[in-house]
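Grab a pencil and work through a few exercises on the protein shown below. Try each task yourself before you read its solution.

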Amino acid sequence: MLNGTGVKIFTGTSHPELAEIIARRLGLPLAKADVTKSGIGETSVRIAESVRENDVYIINTGCGAVNTSLMELCIMIHACKIASAKRITAVVPLFPYARQDKKDKSRAPITAKLVANMIQKAGCDHVITMDLHASQIQGFFDVPLFAEPSSILYIRTHFDLENVVIVSPDAGGAKRATSIADRLGVDFALFHKERKKANSVSRMVLVGHVKDKVAILIDDMADTSGTLCLAAHHLTEAGVAKVYAIVTHGILSGNALENIEKSVLEKLIVTNTLPQKENQAKCSKIEVIDIGPVLGEVIRRSHYGESVSKLFHEVPY
């Protein structure tokens, strides 16, 4: 918990529930700010209490109306900056435009870098975000985090590790999955996948031994969930006993919920970097891990100048 002196926690409109969880973890009330929208869609922000010489944390995530959430964040940062805040940290669990992280064809923008520049120019000193889509984006930020401790704790408390195999649904996520497998001391497998177009997987090849094991797919996000459902199907054909999936960001767009419900997945475990109540009501297979306490502890350590990386290298039991 924080002593409360010199620290202010603000939230935008994208995920106030998570902000409340973080504030409770820190033992602080949410600071007051009025966020409104005009008839033509312009966002207006008024910081309703003094932030002079305070350590300010602004919580807003990239969900729902993503562009609105991003503008809210930038305007709130700017408002606190010109109100003489000592330090401003943006807490963005799901970073907007994180998948547009490279120039993959002619005249394509690197939008993730543009968003990082926008936040910095608005007056932000640090950014705390979770499980960026690609590791190279970490160079844009000060404090990129991982949901790894929460995932490891969940696996330890819900599975018999002797029968578990950690599976990455693609080669890009192999490092994330192998890190978890190594810390748990279990086997690892991965899929090589080929895409003909974005969000559509044409072919998947399994590399590794999974027969008679409980397979746990690990990924950073589930959007349409096509990859996870297809991977689960291939794992079942390869002879696994059961298939689960753990992802950090449950975007779950389009027919994702229907696909998951019809799939061979026993459960899809997601964190609450995005609101999940509606998704849980529509799909019985979704379970949520609360990462509010982890983000709260990161904020506490950041404020007191303690090591943040140590938190993510301690093995939870």
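Helices (H or I, at least four residues) and strands (E, at least two) are DSSP runs, numbered from the N terminus.

Some ground rules before you start. This is a predicted model, where local features need pLDDT of at least 70 and side-chain atom pairs count only at pLDDT 80 or more, while totals for chains, interfaces and linings use all residues. Residues are numbered from 1 along each chain as its sequence is written, and side-chain values use heavy atoms, with hydrogens and water left out.

## Exercise 1: the overall picture

Find out how many helices and strands the protein has, and what share of its residues count as buried.

Step one: the count gives 10 helices and 14 strands. Step two: of the 317 residues, 52% count as buried. Buried means under 20% relative accessible area, exposed over 50%, and partly exposed in between (1.4 Å probe, protein chains only). Step three: look at contacts (heavy atoms within 4.5 Å). Among those with a separation of 6 or more, 65% link residues 24 or more positions apart.

## Exercise 2: helix α3

Next, list the buried residues of α3: Thr111, Ala112, Val115, Ala116, Ile119 and Ala122.

Finally, ask what the buried residues of α3 pack against: α2 (66-82), β5 (87-92) and β6 (126-130).

## Exercise 3: the cores

Find the residues that touch the most other members of the largest nonpolar core.

First, the term: a nonpolar core is a set of buried Ala, Val, Leu, Ile, Met, Phe, Trp, Tyr and Cys residues joined through side-chain atoms within 4.5 Å. The largest one has 27 residues, and Val167, Leu217, Leu235, Leu252 and Leu268 touch the most other members. Elements that each supply at least two of its residues include β8 (164-168), α6 (226-237) and β13 (267-271). The largest share, 5 residues, comes from α6.

Then look elsewhere: a second, separate core of 26 residues includes Phe10, Ile77, Cys80 and Ile119.

## Exercise 4: an aromatic pair

Describe how Phe159 and Tyr244 are arranged.

Rings of Phe, Tyr and Trp (its six-membered ring) pair if their centres lie within 6.5 Å; planes under 30 degrees apart count as stacked, over 60 as edge-to-face and the rest as tilted. Phe159 and Tyr244 are 4.8 Å apart centre to centre with 80° between the planes, an edge-to-face pair. Phe159 lies in the loop between α4 (148-158) and β8, and Tyr244 in strand β12, so the pair ties together parts 85 residues apart in sequence.

Phe159 counts as buried at 14% relative accessibility, and Tyr244 is buried at 13%.
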